[in-house]
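Dear colleague,

I am handing over the structure we spoke about, and below it you will find my notes on what was found in it. Please read them with the model open beside you.

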Amino acid sequence: MARRKRRKSRWTTWLRRVVAACMAIALLPLALSLLYVWPAIHPVSTLMVRDLVTGTSYQRRWVPIEDIAPVLIHSVMMSEDGQFCSHRGIDWGELNVVIDDALSGEPTRGASTIPMQTVKNLFLWHGRSLLRKAIEAPLALVFDAIVPKKRIMEIYLNIVEWAPGVYGAEAAAQHHFNRSAGKLTRRQSALLAVTLPNPVERNPAKPSKGLNRLASIIEKRAAGAGDYIGCVR
């Protein structure tokens with residue numbers, strides 16, 4: 001009888017520890033989101049952490065958003081998340097289109113917003129996964145509610161991958177165009193923006209015809225962005 005009680009006690013203790021660990025893991029992104037509101041904090045991405053752990057070298061130099069060419073900010077918004085200033089972390093209209101296309105058997109496109117991509121880079125793993133998407137969506141809503149839009153954009157532009165081992169706008173500008181992020185031209189900014197969906201395969205310094213065509217579209221959209229970019233001015 002006493003032995004059974006001891007076993008039950010051990011299992012109860014183990015279960016409590018597991019639950020406590022799960023709660024701590026779940027609350028960690030919330031705590032970090034509150035911390036990342038402060039401009040003095042320079043977050044790193046999970047890919048950077050992976051590179052550090054594996055001993056892989058990488059390039060990243062944090063720069064404030066004021067030191068990034070506005071045309072790059074506008075180009076990234078028009079390419080990745082045109083409704084960035086108006087949604088609350090998830091673009092429900094775009095998401096509904098993707099769901100409708102999937103249900104009708106049509107090819108689908110990504111509906112990830114910049115807040116969704118930011119929390120993925122900060123807290124989650126990469127690669128296609130329904131589980132990751134299910135976690136990513138509520139995290140994006142919380143992150144967008146806590147962190148101001150301009151700060152979200154600053155974090156995103158400083159952690160996103162622009163080539164293997166090249167993270168952030170400053171490192172990307174230096175790596176691809178041998179200039180600072182604040183000195184990028186409209187064309188260079190558009191090329192960097194359309195590289196983001198596939199930074200491993202796409203090279204903005206040596207763009208293909210297809211990449212040049214996409215860059216021309218984004219360059220025009222960025223030039224006429226108007227009120228779409230009001231939250232990052």
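In which strand does Y167 lie? Y167 belongs to strand 2, residues 166–167, where helices (H or I, at least four residues) and strands (E, at least two) are DSSP runs, numbered from the N terminus. Before going further, please keep in mind that this is a predicted model, in which local features need pLDDT of at least 70 and side-chain atom pairs count only at pLDDT 80 or more, while totals for chains, interfaces and linings use all residues. Residues are numbered from 1 along each chain as its sequence is written, and side-chain values use heavy atoms, with hydrogens and water left out.

To return to Y167, this residue counts as buried at 0% relative accessibility; here buried means under 20% relative accessible area, exposed means over 50%, and partly exposed is what lies in between, with a 1.4 Å probe and protein chains only. The C-alpha atoms of Y167 and L157 are separated by 8.5 Å, and the two residues are 10 residues apart along the chain.

As for the overall layout, the chain holds 10 helices and two strands, and from the N terminus on its elements follow the order α-α-α-α-α-α-α-β-β-α-α-α. Of the 233 residues of the chain, 41% count as buried.

Helix 6 (residues 130–146) has 17 residues and reaches 25 Å from its first C-alpha to its last, which is close to the 24 Å expected at 1.5 Å a residue, the expected span being 1.5 Å times one less than the number of residues. The buried residues of helix 6 are R132, E136, L139, A140, F143 and D144. At the start of helix 6, the backbone nitrogen of L131 has a side-chain oxygen of S129 within 3.3 Å.

The model also has one disulfide, counted as a pair of cysteine sulfur atoms within 2.5 Å. The disulfide joins C85 to C231, with an S to S distance of 2.0 Å, and at -75 degrees about the S-S bond the link of C85 and C231 is left-handed. The pair links distant parts of the chain, 146 residues apart, with C85 in the loop between helix 3 (70–80) and helix 4 (92–103) and C231 in the segment after helix 10 (209–223). C85 is partly exposed at a relative accessible area of 24%, and C231 is partly exposed with a relative accessible area of 24%.

How do helix 3 and helix 10 cross? Their axes come within 8 Å and cross at roughly 115 degrees, where axes are lines fitted to C-alpha atoms, for helices over the stretch in contact, and angles run from 0 to 180 degrees between N-to-C directions. That makes helix 3 roughly perpendicular to helix 10, since angles under 35 degrees count as roughly parallel, over 145 as roughly antiparallel, 65 to 115 as roughly perpendicular and the rest as oblique.

Some single residues in the later part of my notes may also be worth a look. H175 is found in helix 8 (residues 169–177) and is partly exposed, with a relative accessible area of 41%. H175 and A163 are 12 residues apart in sequence, and their C-alpha atoms are 8.7 Å apart in space.

N178 sits in the loop between helix 8 and helix 9 (186–195), and N178 is exposed, with a relative accessible area of 65%. Most residues other than glycine have a negative phi. N178, although it is not a glycine, has a positive phi of about 55 degrees.

V194, in contrast, lies in helix 9 and counts as buried at 4% relative accessibility. V194 and P204 are 10 residues apart in sequence and 8.2 Å apart in space, C-alpha to C-alpha.

Note on methods: Polar contact = N/O pair within 3.5 Å; in protein donor to acceptor, adjacent residues only side chain to side chain.
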